[in-house]
Amino acid sequence: MRIEEVTDHSRDDAVELLAQFFREEGFGTPRPDIERNLSRMLADASCWAALASGPEGAAGVITVTTMLCVEWGRLAEIGDLYVVPDQRRRGVARRMVDAAIAWCRRERCSGIIVTITPDGENRHRLSRFYSRMGLATTGRIIWSMPLPD
Ligand SMILES: CC(C)(COP(=O)(O)OP(=O)(O)OC[C@H]1O[C@@H](n2cnc3c(N)ncnc32)[C@H](O)[C@@H]1OP(=O)(O)O)[C@@H](O)C(=O)NCCC(=O)NCCS
């Protein structure tokens with residue numbers, strides 16, 4: 001299994017997996033938005049995305065976004081992490097998270113965070129998965145609001 005940064009050449013494979021991820025998990029983001037937002041991220045040095053690929057093609061995708069803030073300096077967030085169902089529990093996600101952490105270190109990030117949705121927790125016990133990856137809950141609660149044009 002190779003873990004490689006997403007380039008223009010592999011962008012369509014990444015979009016396909018992200019669309020599958022959003023569909024399976026019930027996120028409503030339309031595919032054209034997924035495509036546009038991923039392209040913006042690939043063109044922005046503060047973001048990173050990688051694909052895991054094996055003999056049968058693309059098996060997983062991860063995206064990371066970084067931001068500057070007073071508390072952390074440069075802080076990274078895992079925005080998306082997905083492994084196709086028939087490749088799970090083989091260490092694919094761990095290898096992508098390790099590659100993401102290596103990139104974050106090179107970018108001098110001082111920490112990495114992830115948001116776990118209640119549905120993700122119920123379906124995949126994500127808190128157990130992320131604690132295996134070395135992350136721990138902060139107890140903070142994320143609130144959000146769309147800002148339409
Ligand atoms: C969560 C997900 C990415 C895990 O991918 P994976 O390739 O199966 O994970 P790995 O095989 O690398 O597992 C890494 C470790 O986590 C553990 N683990 C994996 N999935 C787990 C789960 N659902 N619950 C508890 N532990 C889990 C593994 O046992 C392994 O532990 P170990 O290395 O200490 O033995 C995958 O199930 C998935 O794509 N889920 C749907 C999308 C999703 O919810 N993504 C998260 C968005 S925040």
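Okay, some housekeeping. What we have here is a predicted model, where local features need pLDDT of at least 70, side-chain atom pairs count only at pLDDT 80 or more, and totals for chains, interfaces and linings use all residues. Residues are numbered from 1 along each chain as its sequence is written, and side-chain values use heavy atoms, with hydrogens and water left out.

Let's start with the largest pocket, at about 1,300 Å³. By pocket I mean an open set of points on a 1 Å grid over the protein atoms alone, where a 1.4 Å probe fits, with protein on both sides within 12 Å along at least five of seven lines. The volume is the space filled by probe spheres set on those points, which are joined across faces, edges and corners.

Lining residues have an atom within 4 Å of a point. There are 43 of them here, and F21, L81, Y82, L126 and Y130 are the closest to the centre. Several elements give two or more residues to this lining, among them α1 (11-25), β4 (73-83), α3 (92-106) and α5 (126-132). Helices are DSSP runs of H or I with at least four residues, strands are E runs of at least two, and the numbering goes from the N terminus. The top contributor is β4, with 7 residues.

So what takes up the space of the largest pocket? That would be the ligand. To sit in a pocket, a molecule needs more than half of its atoms within 2 Å of the pocket's grid points.

Now, who is around the ligand? The shell has 21 residues, and L81, R89, G91, R94 and H124 come nearest; being near takes a heavy atom within 4 Å. Here α5 has the largest share, 5 residues.

A polar backbone atom of H124 is 2.5 Å from a ligand nitrogen. A backbone N or O atom of A93 lies 3.1 Å from a ligand oxygen, and a side-chain N or O atom of R132 is 3.3 Å from a ligand oxygen. On its own the ligand has 910 Å² of accessible area (Shrake-Rupley, 1.4 Å probe), and the protein covers 84% of that.

Last, the second largest pocket holds about 1,000 Å³ of space. Its lining has 23 residues, with V114, T115, I116, R140 and I142 nearest the centre. Both β5 (111-114) and α5 give two or more residues to that lining.

How values were computed
A polar contact is a pair of N or O atoms within 3.5 Å; within protein, one must be able to donate a hydrogen and the other to accept it, and residues adjacent in sequence count only if both atoms are side-chain atoms.
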